[in-house]
Amino acid sequence: MDTFFISTPIYYVNARPHLGHAYTTILADCINRFHRLTGKGTFFLTGTDEHGDKIVQAAEEHGKQPQEYVDAISRQFRDLWPELDVLPDRFIRTTEAEHVACVQRILQQVYENGDIYFGEYGGYYCFGCECFYTEWELEDGMCPDHRKELQYIQETNYFFRMRSYQDWLREYIEARPDFIRPERYRKEVLAMLREPIDDLCISRPKSRLTWGIELPFDSRFVTYVWFDALINYISALGWPDGERFAAFWPNAHHVVAKDILKPHAIFWPTMLKAAGIPPYKGLRVHGYWKVDEAKMSKSLGNVVEPLVLRTKYGLDGFRYFLMREMHFGHDGSFSEQALVNRFNADLANDLGNLFNRSLAMTHKYFKGQVPEAGAELSPADEELITLGKDALMKFMEGFERFHTAEGLEALWEFVRGVNKYIDQMAPWALNKQGEKERLATVMALVLACLKRIALALWPVMPGTASTMYAQLGLQLDPTRIDLREEASSWHVLEAGTEVAKKSNLFPRREFQPDAGANQPSESGKESQEAVPEEIDFQDFQKLELRVGTVTESGPHPKADRLLRLKVDIGEAEPRQIVAGLAGDFAPEDLLGRQVVVVANLKPRKLRGALSQGMVLAVHHKEGLGLIQPSQEVEPGSRVS
């Protein structure tokens, strides 16, 4: 069996997941599903990168130990993917014992081969990038990415002889045009390799950093985060003797954003060469999602929350927008208005209308059963079939190259073509004229087209595709269907198959700017709230605000973003309060914390759980924060 291995970067856990993480991972999921649909054995890897300076800094900012902190953030990534219908075969963490052992084994092997040496180095160090910069790489004396002045550090470290593999790597890339795609990034890497590259500093002294994988040959040092993180792609496959490594590594494809091109295109292949491991098959590089023409970043306050968009506009519509809107290799421009426009034009008007009208006519003219097609096909019928075959071949070519936007546009030419065919054939007129045999052929052909459209959409919109199949009286089992075979042949559905009476897959959406953040102002900062109506002091006095201590905390069984808390506010028994904090706090984060509670709020049920009050929180750029007293006070203390 042919195999296909796809990986995302393992995401750095110094911040919560956002739209950029969601795009990369949904893209990998779609490409993985596509290859599974063509009969290949597939393996899809994602995970989290959990060592380094930035992790220690982030943990300290949150008042946690590094392991406690990475456990919490890694869980947020792991829990997000099922919410977005992403199904990785493996979620790896770089703190796993198996990964640590694999990193140390490779380090020892490269060290014994003579490609790691001890030396002294001085350079400008960026804690944000976790790397050294030479003076000529700086921009106005600052880090080119973070625009901050850097600290000059002089220290002894271990170095990987990366420079000795420079000529080999340049020749390897030049001989393999598909190794790095799109072409612009291949040219960028070759340009880097035309200039001398430095050896890679692969250690950090424990006197400066202890949170990392210890070097197997010198316990005074830990491993540089990139030399650790990149190895996940083979540690997850059980290198060197694992069956998965033997089966999948020869067809390994890495999906990355352009900001981590150099580590994947230069560090990683030379590391593999030094360790005697064949390079991966392909590196696929995408651009950034921009908001107001700026790259998403916490500091700019323009981070887009994927679960907010999924909730507002539907999961499959969200997945479709991401795959359709960004042209692979280029930057994409995000706005909720663009999402709504794409949803209504492509999904509600084109696809949704096609399914609904086709099923309705099948019920109107053939009592809801697939009719028997006639033996003779008209030139218009043949033209539609040719359009469908060509569209599906272009769709598959696009997905083979990771160009999902082009693939979906080709498929939509077919969707629009089927709608046009129905208008031209006018089944209502054929029925009125009594041309039942011709009407049966037209409707049988239309339903056959719908089946193939639904099948092609399964990688992008798995839930919707399964629903479309069910509406056609079919069951979608990707393990038993080959998209290439369906594209080349054109069998109609079995006559007599019962289809649904109607289809309402994509009700039109309205832009909902008031339903969430994600709409930054021109300055990139959060928009100011409209000035609320003024109230009297007597109105404020009606609120009973009390300090409480959280004694129990757990997830809501029916709502992902809600937590069920027990809060002691000085009464005989703690109150149960349901709070929308799950997106920002793990249940254990709240235990023992003091919060401010609206104590005289009328009790109500939230998704079946009684809530006896409200916990107050403040919105800020990174999510929600708790409103707390400056020092611990007695539960039940009044806030005024």
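Student: Where is the place of Pro240 in this predicted model?
Tutor: The model is predicted, and in it a cis peptide bond joins Trp239 and Pro240, with omega about 10°. Most peptide bonds are trans. As for its place, Pro240 is in the loop between α8 (232-235) and α9 (243-248).

Student: Which peptide bond that ends on Pro182 is cis, and in which loop does Pro182 lie?
Tutor: The bond in question runs from Arg181 to Pro182 and is cis, with omega near 0°. Pro182 itself lies in the loop between β8 (180-181) and α6.

Student: At what angle do the axes of α5 and α6 cross, and is the pair roughly parallel or roughly antiparallel?
Tutor: Helix α5 covers residues 166-174 and helix α6 residues 183-193, and their axes come within 10 Å and cross at roughly 155°. Because angles over 145 degrees count as roughly antiparallel, α5 is roughly antiparallel to α6.

Student: Which residues make the contact of α5 with α6, and how many of them are nonpolar?
Tutor: From α5 come Gln166, Leu169, Arg170, Ile173 and Glu174, while α6 brings Arg186, Val189, Leu190 and Leu193. In this contact α5 passes α6 in a left-handed crossing. Sorted by class, the residues in contact comprise three charged, one polar and, for the class you asked about, five nonpolar.

Student: What is the crossing angle of α14 and α17, and how are these helices oriented to each other?
Tutor: The axes of α14 (residues 379-400) and α17 (residues 436-457) come within 11 Å, and they cross at roughly 5°. Since angles under 35 degrees count as roughly parallel, the two helices α14 and α17 are roughly parallel to each other.

Student: Which residues form the contact of α14 with α17, and what is its make-up by class?
Tutor: On the α14 side the contact is made by Asp381, Leu384, Ile385, Leu392 and Phe395, and on the α17 side by Arg438, Thr441, Leu445, Cys449, Arg452 and Ala456. Taken by class, the contact of α14 with α17 has seven nonpolar, one polar and three charged residues.

Student: How many salt bridges does the structure hold, and which residues are linked in a network of them?
Tutor: The structure holds 32 salt bridges. The residues linked in a network of salt bridges are Asp29, Arg33, Asp85 and Arg319.

Student: Which parts does the salt bridge of Asp331 with Lys258 tie together, and how many residues apart are they in sequence?
Tutor: The closest N and O atoms of Asp331 and Lys258 are 3.0 Å apart in this salt bridge. Asp331 lies in the loop between α12 (315-325) and β17 (332-333), and Lys258 in the loop between β13 (252-257) and α10 (261-274), so the pair ties together parts that are 73 residues apart in sequence.

Student: What is phi of Lys367, and is Lys367 buried or exposed?
Tutor: Most residues other than glycine have a negative phi. Lys367, in the loop between α13 (336-366) and α14, has a positive phi near 55°. With a relative accessible area of 74%, Lys367 is exposed.

Student: What is the relative accessible area of Ala426, and where does Ala426 lie?
Tutor: Ala426 has a positive phi of about 50° although it is not a glycine. Ala426 lies in the loop between α15 (404-425) and α16 (427-432). Ala426 is buried, and its relative accessible area is 13%.

How values were computed
Residues are numbered from 1 along each chain as its sequence is written. This is a predicted model: local features need pLDDT of at least 70, side-chain atom pairs count only at pLDDT 80 or more; totals for chains, interfaces and linings use all residues. Side-chain values use heavy atoms; hydrogens and water are left out. A salt bridge is a side-chain nitrogen of Lys or Arg within 4 Å of a carboxyl oxygen of Asp or Glu. Helices (H or I, at least four residues) and strands (E, at least two) are DSSP runs, numbered from the N terminus. Axes are lines fitted to C-alpha atoms, for helices over the stretch in contact, and angles run from 0 to 180 degrees between N-to-C directions. Angles under 35 degrees count as roughly parallel, over 145 as roughly antiparallel, 65 to 115 as roughly perpendicular and the rest as oblique. A crossing is left-handed if the near helix is turned anticlockwise from the far one by less than a right angle, and right-handed if clockwise. Contact means heavy atoms within 4.5 Å. Ala, Val, Leu, Ile, Met, Phe, Trp, Tyr, Cys and Pro count as nonpolar, Asp, Glu, Lys and Arg as charged, and the others, Gly among them, as polar. Buried means under 20% relative accessible area, exposed over 50%, partly exposed in between (1.4 Å probe, protein chains only).
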